[in-house]
Amino acid sequence: MFGPSLLSIMAMVVDISLLAIEAIKRSIAQVKTHCLSVSLSPYFMASPSLVRILEICKVTPALDSVDAAKEFSLPLTYFDITWFKFPPAECLYFFKLNESSSRSSIFHSEILPALKHSLSQTLGRFVPLAGHLTWPANSSKPVIVYALNDALSLRVAESNASFDRFIGNEIPEADESHPYIPELYVTNMIASLLALQITFFPCKGFSIGMAIHHAMLDGKSVSMFLNTWAYLCKHNQNEKSLLLLPELRPSFDRTGLQDSFGLESVYLKQWEATIIPGSELNSRSLKLMPYLGVPSNLLRATFRLPREAINELKESILRYHQAGLNPGKQLHLSTYVITCAYVSVCLVKARGGDDNRKVYYVCSVDCRSRLEPPLPQNYFGNCVAVHHMVAEAKAFMEENGVAIVAEKLSDLINGLENGLFQGAKERLVMLRGLGQEVQKFGVAGSTRLGFYGLDFGWGNVEKAEITSIDRTRGFSMMEFGDVSSGGIEIGVVLVRQEMERFASLFVNGLKALQSRL
């Protein structure tokens, strides 16, 4: 979806200047630990403020919506089963309101009802999201089921935290956004597919937090759902009936998915053999793998790579390879490859240590257009395959490490033409079995999901982030601000010392590149 998961929770925009490094150090120095009394049960800790839960409600699909269904059953595919017991993907979106709209009375009487109403209409088009995952005794695999009166859980909250801190250039502790993400309900027998939380910041704006079951949604499907919700919310204020754009009408037809490599049974056996805490040794348990803990010294930051910097990196990579042993080699130097190469080099150098250690880079590849026959772009569900690249840390640490890594990533992507599922049967078990002696990171998100274009009727997203990277130890990327600008926003979560080193490497690396052009 967002990859093996799956931008960061709190936001910090790093300008491409040496002053940014000093700002990082000052912000890090200001991070403090805050303790709250455990007797405040209606509240969640959100240092340095409180989040108060106002309401927990169930939103049912509007059955008079176009394409609504009273009952729905959807079997998992081998793409879905890949992510069957992965921890939820978590995302957070912040929306700024103007002075009049941000008053509490307006939010609760106009904005919140509009969000709820349009959510119900949206669920009428995305019926499975109101249902749940189960594994019937008579079924060889888990099934998504929706029955009449099933509903999606929506939590409404209010926060007196600084909204500007969330969308500004602060560097918060990694767990500060957790209270703005709802919990996904999962037991041995049943699992919700999506949970939402709307949090109001009086006189400022609101956020929408999501917890997403990986077995139902990939990043493109999440984008389709959110864009539909935003479209219906924005336009339904003036029109009673709306027809969705073709790209927002989800297709649940799975007849075109052929499991030619027998991946479904392989993945199911692997998951059945995986012992999950709390599963009571039930091989058919729906319990998810536990998230990695979030150490108290983890910080979260967001960096921006403008289009000009991406172009300069591309020119530098091409010059290096044109002067090498194989100057005629065709490289796949997309924005994604260039960004991942640069960020990966900065991450490995920031870690330091043994330059002979193995480094595993894990990514997800959208397969909709790569399958034979291809699936429509509005296919709803998981349709991503996991791939990886491995190299010794010394390759990342070379003077021309970005060009070297970019070539390896290019080879990975070009190699997809020879076998989209090559090594797929063993890959997940191998990656999960890697020890602490290797460095492993995956990328969450994509450069084409358009989250910053979301507008529910009160303006575009002010800040978007993939929260769960703090527990998957990956980094995130998405296009930032004006989609037409072509810039990329990168979210990272690191310990204090590595964050300082990463920031310095990120900023100074681009400055050195400019000086050589």
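Reply: We begin with a term: contact means heavy atoms within 4.5 Å. The model before us is predicted. In it, F225 touches L119, T122, L123, F126, L129, L194 and M210, leaving aside residues up to four places away in sequence.

Me: Which residues have the most contacts inside the largest nonpolar core?

Reply: In soluble globular proteins, nonpolar side chains tend to be buried together. Here the largest nonpolar core has 111 residues, and Y93, M210, F225 and L371 have the most contacts inside it. A second, separate core of 52 residues includes V337, F396, I490 and F502.

Me: How much of the protein counts as buried?

Reply: A residue is called buried when its relative accessible area is under 20%. By that criterion, 57% of the 517 residues count as buried. The protein exposes about 21,700 Å², of which carbon and sulfur atoms supply 51%.

Me: Is D80 buried or exposed?

Reply: D80 counts as buried because its relative accessibility is 0%. This residue lies in helix 2, which covers residues 78-82. A polar atom of the D80 side chain lies 3.0 Å from the backbone nitrogen of T77. Leaving aside residues up to four places away in sequence, D80 touches P75, A215, R254, G381 and N382.

Me: How many disulfides does a search of the whole structure find?

Reply: The test is a pair of cysteine sulfur atoms within 2.5 Å. A search of the whole structure finds zero disulfides. As for individual cysteines, C57 is buried, with a relative accessible area of 14%, and C233 is buried, with a relative accessible area of 2%.

Me: Why is helix 10 described as largely enclosed by the rest of the structure?

Reply: The description applies because 10 of the 14 residues of helix 10 are buried. Among them are G401, V402, A403, I404 and V405, and the buried set also includes A406, L409, S410, L412 and I413. The cover over these buried residues includes helix 7 (307-322), helix 8 (335-351) and helix 9 (393-397). Strand 13 (358-366) and strand 14 (384-392) also belong to that cover.

Note on methods:
Residues numbered from 1 in each chain as written. Predicted model: local features only at pLDDT ≥ 70, side-chain atom pairs only at ≥ 80, totals over all residues. Heavy atoms only, no water. Core = buried A, V, L, I, M, F, W, Y, C linked by side-chain atoms within 4.5 Å. Buried < 20%, exposed > 50% of the residue type's maximum accessible area, 1.4 Å probe, protein only. Helix = DSSP H or I, 4+ residues; strand = E, 2+ residues; numbered from the N terminus. Polar contact = N/O pair within 3.5 Å; in protein donor to acceptor, adjacent residues only side chain to side chain. Areas by Shrake-Rupley, 256 points an atom, 1.4 Å probe, with all protein chains shown as cover.
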